Each structure stands twice: as C-alpha cells, then as structure tokens.
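Please open the model in your viewer and keep the selection tool at hand. The tour below moves from one selection to the next and says what is found at each stop.

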Amino acid sequence: MDELSQALEKSRQTISAYEDYADRYDAIVRHVPNEREQASLKRFVAIAGTSGRILEVGSGAGYDADFLEDLGVKVRRTDATKRFLELQAARGKHGELLDLLTDDLGGPYDAVLALAVLIHVPRDQIDQVLGKIARSLRPGGAFLVSMRNGDGEASGEYHTVYWRRDDFAARLEAAGLVLLRDDFNIGRNSEEWNTFLTVRPA
C-alpha cells in the first residue's frame with residue numbers, strides 16, 4: 001500500500017469514529033469560544049477583513065463559524081464528517097462535505113481556518129495539505145491552525161499526529177506562509193496545543 005492509500009485509510013477510520021461521536025461531541029463542546037480563542041479569531045478576521053470570505057475546514061459543530069459570522073465575515077463551512085453537517089443544518093447552518101486529502105479547496109479565500117483538524121493528517125501528507133491551503137489563499141490572506149504539541153503519532157479510532165512548535169512552523173514556512181505569531185495553551189484533559197497565525201505573502 002502506497003503512502004496516499006495508507007493516509008486515506010487512516011482518514012476514513014478517523015472520519016468513521018467522528019460519525020459515531022458527533023452527537024456526544026456537540027453536547028460537550030463549548031458553544032462560544034473562550035476569551036483566548038475569541039482574541040485569536042478576532043486577530044484572524046482583522047487580516048481577512050470584515051467583508052472577507054473564509055474557508056473553514058473541519059467545522060465540526062460549527063460554533064467557531066457562528067462567532068466569525070457574528071463579526072461580519074462569510075464562512076464556507078466544511079467537514080469530512082456528514083453527521084457534523086447534519087447537526088449544523090438542524091440549526092439552519094449550511095455546510096459542505098470536504099476532504100482535505102482528496103478534494104479541491106476552491107478559492108481564492110481571504111482566510112482559511114483549521115482548528116484541531118490537521119492533527120489528523122498523516123505526517124507524510126502534511127506538506128501536500130499545507131501547500132494546497134496556501135494556494136487557496138489570496139495574496140495577503142490569513143491561515144489560522146492549531147496543532148497538538150508533542151512527538152510521534154497515536155493510532156486507534158482517531159489517528160492523531162503530534163508536532164513540536166518549531167517543526168510545524170518549519171512546515172508552514174516550507175508551504176510559503178509567513179508566521180505572524182503563535183500561542184501555546186493547555187486544553188481539555190491536559191492536552192498541549194500550539195496555534196499558528198500565518199499569511200500568504202502579498
């Protein structure tokens with residue numbers, strides 16, 4: 001099995017697990033971003049512009065998109081998990097199926113958002129995915145991404161890849177993106193996260 005086939009198999013397994021877990025996730029996830037997350041999203045929108053068009057990959061239950069739309073931007077909500085899109089539709093929010101590994105992203109967008117999503121992209125596919133995201137941005141467009149901090153990867157129901165801050169920053173730069181700032185925080189269950197705000201050079 002080649003690298004892409006292995007990556008797609010891991011992705012299908014992760015998506016299947018989220019299909020089963022989506023309702024439970026929706027019940028426990030915070031419906032409004034916390035103060036730190038709100039500040040990060042506001043910085044992101046300041047670059048995109050309040051009339052901007054944003055692609056969100058891995059929208060999940062859609063609450064970050066709700067917050068962004070309240071700031072005035074248009075969000076294209078996407079996810080690879082059908083159940084998440086159904087949950088959003090039940091709230092009157094339209095989302096589209098999108099697989100980062102295989103689908104065209106469209107664009108150009110003023111910004112792309114990927115929070116707690118690229119942690120599921122196999123390490124040998126991350127450069128291809130980041131390159132695809134960078135190409136979907138207009139010059140000067142923003143990309144906000146959060147990644148689990150650590151080493152190696154964990155298999156199981158959810159394939160999760162860990163990246164050290166400097167290693168992932170190097171991947172972002174290799175994709176042609178300029179790092180503006182990064183933040184470290186401790187999330188649920190003492191999970192360590194790095195969040196990166198980048199732009200495609202104008």
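Begin by selecting Tyr21 and Tyr25, which both lie in helix α1 (residues 3-28), four residues apart, or about one turn of the helix; helices here are DSSP runs of H or I of at least four residues, and strands are runs of E of at least two, both numbered from the N terminus. An α-helix has 3.6 residues a turn, so residues three or four places apart point the same way. Before going further, note that this is a predicted model, in which local features need pLDDT of at least 70 and side-chain atom pairs count only at pLDDT 80 or more, while totals for chains, interfaces and linings use all residues. Residues are numbered from 1 along each chain as its sequence is written, and side-chain values use heavy atoms, with hydrogens and water left out.

**Aromatic rings**

Rings of Phe, Tyr and Trp (its six-membered ring) are taken to pair if their centres lie within 6.5 Å, and planes under 30 degrees apart count as stacked, over 60 as edge-to-face and the rest as tilted. By this rule the count comes to seven aromatic pairs. Tyr21 and Tyr25 form one that is edge-to-face, at 6.3 Å centre to centre and with 65° between the planes. Tyr21 is partly exposed, with a relative accessible area of 29%, and Tyr25 is partly exposed at 24%; buried means under 20% relative accessible area, exposed over 50%, and partly exposed in between (1.4 Å probe, protein chains only). Now extend the selection to Tyr18, Phe84 and Tyr158, which ring pairs link with Tyr21 and Tyr25 into a cluster.

Next, select Trp163 and Phe168, an edge-to-face pair at 5.6 Å centre to centre, with 65° between the planes. Trp163 counts as buried at 7% relative accessibility, and Phe168 counts as buried at 0%.

**Helix α5 and its strands**

Select residues 126-136, helix α5, where eight of the eleven residues are buried, so that the helix is largely enclosed by the rest of the structure. Its buried residues pack against β4 (109-115), β5 (137-148) and α6 (165-174), contact being heavy atoms within 4.5 Å. Show β4 and β5 together: they run parallel and are joined by six bridges, where two strands pair if DSSP finds at least two bridges between them. Tyr109 has Leu137 in β5 as its bridge partner. On β5, also look towards strand β9 (residues 192-199), which runs antiparallel to β5 and is joined to it by seven bridges; Met147 stands opposite Asn194 in β9.

**Salt bridges**

Finish with the charged side chains, where a salt bridge is a side-chain nitrogen of Lys or Arg within 4 Å of a carboxyl oxygen of Asp or Glu. A search of the whole structure finds 18 salt bridges. Select Arg77 and Asp66, whose side chains meet in one of them (2.7 Å, N to O); both residues are buried. With Arg91 included, Asp66, Glu69, Arg77 and Lys93 are linked in a network of salt bridges.
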